[in-house]
Amino acid sequence: MNAAVTLPADATPSAPALVLRPWCVEDVAALVEVCQDSALRHWTSTPVENHADGTRWVQAQQRGWAAGDRFGFALIETQPDTGHEQLAGNVVLKEVASGKPSAEVGYWTAAHARGRGVAPRALEVLTSWAFDTFGADGLERLELLHQEDNLASCRVAQKSGYEFARVLPAAPPSFPLDGHLHIRHTDS
Ligand SMILES: CC(C)(COP(=O)(O)OP(=O)(O)OC[C@H]1O[C@@H](n2cnc3c(N)ncnc32)[C@H](O)[C@@H]1OP(=O)(O)O)[C@@H](O)C(=O)NCCC(=O)NCCS
């Protein structure tokens, strides 16, 4: 897979345009800064406390692109007045394999970017890219998992056309509470 892929998401009345592009080592400082947020610490599985953690995290995304099984995108917002670029979040397509009908999506947004529809807009772009890129190789559906008390994530799933499929039983320690499985099919 070409790790130079960049995907645009148009501006909205309340949020500037977004670009989705693969993570790079130049993102580490901004990544470490946004990962100090308590919601990210609570809801994401890999803590990024310092530069070494951030470097390892970015390198893991790069290995995913090289292996062709995990595609993580940094979300970059460009302020229209100043041209200033800011890290707004992450979306990822994971568990991809040739001939496999399903893969999984994930996301988070920086605290400063929340409540402006960044995650649903980025997820829509990722979803279209995933089906366009891997549909011919058998990808038919994308799965989205969240813990049942993550109401903001459930809203992102609903707003992005990922239909609720079923409750997933808790699986401690990774998933201490029940979760939701949402699914979007290629033709929906
Ligand atoms: C879940 C998350 C990705 C949503 O991203 P977002 O870009 O804020 O998405 P939206 O703007 O569409 O908001 C989604 C919901 O978040 C809530 N929300 C709105 N403003 C918010 C704010 N300032 N701060 C936190 N949550 C807010 C609302 O419930 C909103 O739903 P609504 O549109 O029906 O009001 C983001 O809150 C986040 O990164 N959370 C921590 C990591 C996480 O939970 N990742 C998902 C793991 S499954």
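How many bridges pair β4 and β5, and in which sense? I looked this up and found six bridges, in the antiparallel sense. I note at the start that the model is predicted.

**Entry: one pair of residues**

I next wanted a single example from this pairing. V92 stands opposite G106, which belongs to β5.

**Entry: the whole sheet**

I then followed the strands across. Eight of them form an open sheet, and I wrote the order down as β1-β2-β3-β4-β5-β6-β8-β7. The pairing in this sheet is mixed. β1 (7-9) and β7 (163-168) each have a single partner strand, so one side of each is left without a neighbour in the sheet. These two strands stand at the edges.

I checked which helices lie against the strands. Helix α3 (residues 51-67) lies across β2 and β3 (70-78), and its direction is at about 120° to β3. Helix α5 (residues 151-159) also packs on the sheet, where it touches β5 (102-109), β6 (141-147) and β8 (179-185). The direction of α5 makes about 160° with that of β6.

**Entry: the β3 and β4 hairpin**

I turned to β3 and its partner β4 (residues 85-94). The two run antiparallel and are joined by nine bridges. F71 stands opposite L93 of β4. Six residues lie between the strands of this hairpin, and there G83 takes a positive phi near 75°.

I noted the background first: most residues other than glycine have a negative phi, and most peptide bonds are trans. E95 is not a glycine, yet its phi is positive, near 60°. I found E95 in the loop between β4 and β5. Is E95 buried, exposed or partly exposed? I counted 14 other C-beta atoms within 10 Å of E95, so it is partly exposed; a residue is buried at 20 or more and exposed at 12 or fewer.

The second case is a peptide bond. The bond from P172 to P173 is cis, with omega near 5°. P173 sits in the loop between β7 and β8.

**Entry: the core**

I looked up the largest nonpolar core, which has 40 residues. L20, L75, V91, A122 and L126 have the most contacts inside this core. The element that gives the most to the core is α4, with eight residues. I took A122 as a case to follow. Leaving out residues up to four places away in sequence, A122 touches A9, L18, L20, L75, G89, V91 and Y107.

**Entry: around the ligand**

Last, I listed what surrounds the ligand. The count is 23 residues, and the closest are W43, R114, G115, A119 and A152. At least two residues of the shell come from each of α2 (38-43), β5, α4 (118-134) and α5. Which element gives the most to the shell? It is α5, with six residues. By class, I recorded twelve nonpolar, seven polar and four charged residues in the shell.

How values were computed:
Residues are numbered from 1 along each chain as its sequence is written. This is a predicted model: local features need pLDDT of at least 70, side-chain atom pairs count only at pLDDT 80 or more; totals for chains, interfaces and linings use all residues. Two strands pair if DSSP finds at least two bridges between them. Helices (H or I, at least four residues) and strands (E, at least two) are DSSP runs, numbered from the N terminus. Two residues are in contact if their C-beta atoms, placed from the backbone, lie within 7 Å. Axes are lines fitted to C-alpha atoms, for helices over the stretch in contact, and angles run from 0 to 180 degrees between N-to-C directions. A residue is near a molecule or strand if its C-beta atom, placed from the backbone, lies within 6 Å of it. Ala, Val, Leu, Ile, Met, Phe, Trp, Tyr, Cys and Pro count as nonpolar, Asp, Glu, Lys and Arg as charged, and the others, Gly among them, as polar. A nonpolar core is a set of buried Ala, Val, Leu, Ile, Met, Phe, Trp, Tyr and Cys residues joined through C-beta atoms within 7 Å.
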